[in-house]
Amino acid sequence: MRTGTAAETAAQLEAELEQYPEERGEILVEAAQAWRQAGDDDRAVALLTQAVALDGEEGGNARVELAEVLFDLGRTEQAQAQLEELRSQPLSTPVPYHLAAELMEYRGELPEAAAWFDLAAARLTKQELADRNAEFGFLTHASNIVTGRRRVRQALGLTPDELDESVQSAPQWAEDLVGASAQPPGEVRVLFWPRAEIPRAHEAWPHLVEHTEADAIMADREKANRELSETGVARILMVPLTTAKLQEFATRTGLDPAEEDTRLACLNEIFEEGGALSWPPARNEPCWCGSGAKYKKCCGRPSLS
């Protein structure tokens, strides 16, 4: 666990570059952010420039981060040049284009934001678009892109198109969580079955836990967390649930363990008892999933992005 000032944290991160070459892009961006907090913008720009050279999604994401820093420093032409370079690179992933869209929207440059949202939406697969209709589809990255696109187009007074009209409202409980500000919540609590509990939960409630492929379940949850983080959620707390806890809670309260409201009430009790885990853990800390492995070697692997 890193301690000390922002400059010390940045230096510690840079020291990890040789030790974890497979995580170079992530470490460079984190170190750049720490240097900015420490007031060394030049060092931040230098590290982000290195990250941009990695190409692919990592390089594209870093390019948007670099553009944001350059805008903040008043180096507008250089920032715009970074975005134009991204526009000229036909990446298959929507993520860098979505980040650019949100950056332009934040800056109030709505026509540019709309164009970037179009680029991001064009890279969504049919499956990603279809997944928006699932129970928690409104939390997916695809939903966030399409909803953001509609928001900007509405602000520009554009006539809704088929993609705009496909946007579905979030359920009432989610709207209550977010509030009238329409901004991402500062904190989200996620109830999950730790690895060892998945077979037990499947046996007890097969309609809730349809299979016992722990790796796939954890990879899906990690991906969903990363998508939540990209929407602007500041803090994600993982709340582990065991079959014994849910059965005990249901018996004590007289509620049906198969009902979502019961599990949410159980989540709140576990949270109040101090049972939540902060996501993501540091790379060298135990993984949130309960595997016992370090996060960087388990759900925190860059290949799961």
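This is a predicted model: local features need pLDDT of at least 70, side-chain atom pairs count only at pLDDT 80 or more; totals for chains, interfaces and linings use all residues.
In which direction, left-handed or right-handed, does H1 pass H2 in their crossing? The crossing in which H1 passes H2 is left-handed. On the side of H1, the contact is made by Ala 6, Ala 7, Thr 9, Ala 10, Ala 11, Leu 13 and Glu 14, while H2 contributes Ile 27, Glu 30, Ala 31, Ala 34, Trp 35 and Gln 37. Sorted by class, the residues in this contact of H1 with H2 are nine nonpolar, two polar and two charged.

A second pair of helices can be read in the same terms, because two packed helices are described by the angle between their axes and the distance between the axes. Helix H4, which spans residues 56-72, packs with helix H6, residues 95-106, at an angle of about 15°, and their axes are 8 Å apart. That angle makes H4 roughly parallel to H6, and the crossing of H4 and H6 is right-handed. From H4, the residues Glu 57, Gly 60, Asn 61, Val 64, Ala 67, Glu 68 and Phe 71 meet Val 95, Pro 96, Leu 99, Ala 100, Leu 103 and Met 104 in H6. The contact of H4 with H6 comprises, by class, nine nonpolar, two polar and two charged residues.

Phe 192 lies in strand S1 (residues 187-192), whereas Trp 288 lies in the segment after strand S3 (277-279), so the pair ties together parts that are 96 residues apart in sequence. Phe 192 is buried, with a relative accessible area of 6%, and Trp 288 also counts as buried, at 3% relative accessibility.

A last stop is Ser 143, which lies in helix H9, residues 141-155. Ser 143 has a relative accessible area of 9% and is buried. When residues up to four places away in sequence are not counted, Ser 143 touches Arg 132, Gly 137 and Phe 138.

Methods:
Residues are numbered from 1 along each chain as its sequence is written. Side-chain values use heavy atoms; hydrogens and water are left out. Axes are lines fitted to C-alpha atoms, for helices over the stretch in contact, and angles run from 0 to 180 degrees between N-to-C directions. Helices (H or I, at least four residues) and strands (E, at least two) are DSSP runs, numbered from the N terminus. Angles under 35 degrees count as roughly parallel, over 145 as roughly antiparallel, 65 to 115 as roughly perpendicular and the rest as oblique. A crossing is left-handed if the near helix is turned anticlockwise from the far one by less than a right angle, and right-handed if clockwise. Contact means heavy atoms within 4.5 Å. Ala, Val, Leu, Ile, Met, Phe, Trp, Tyr, Cys and Pro count as nonpolar, Asp, Glu, Lys and Arg as charged, and the others, Gly among them, as polar. Buried means under 20% relative accessible area, exposed over 50%, partly exposed in between (1.4 Å probe, protein chains only).
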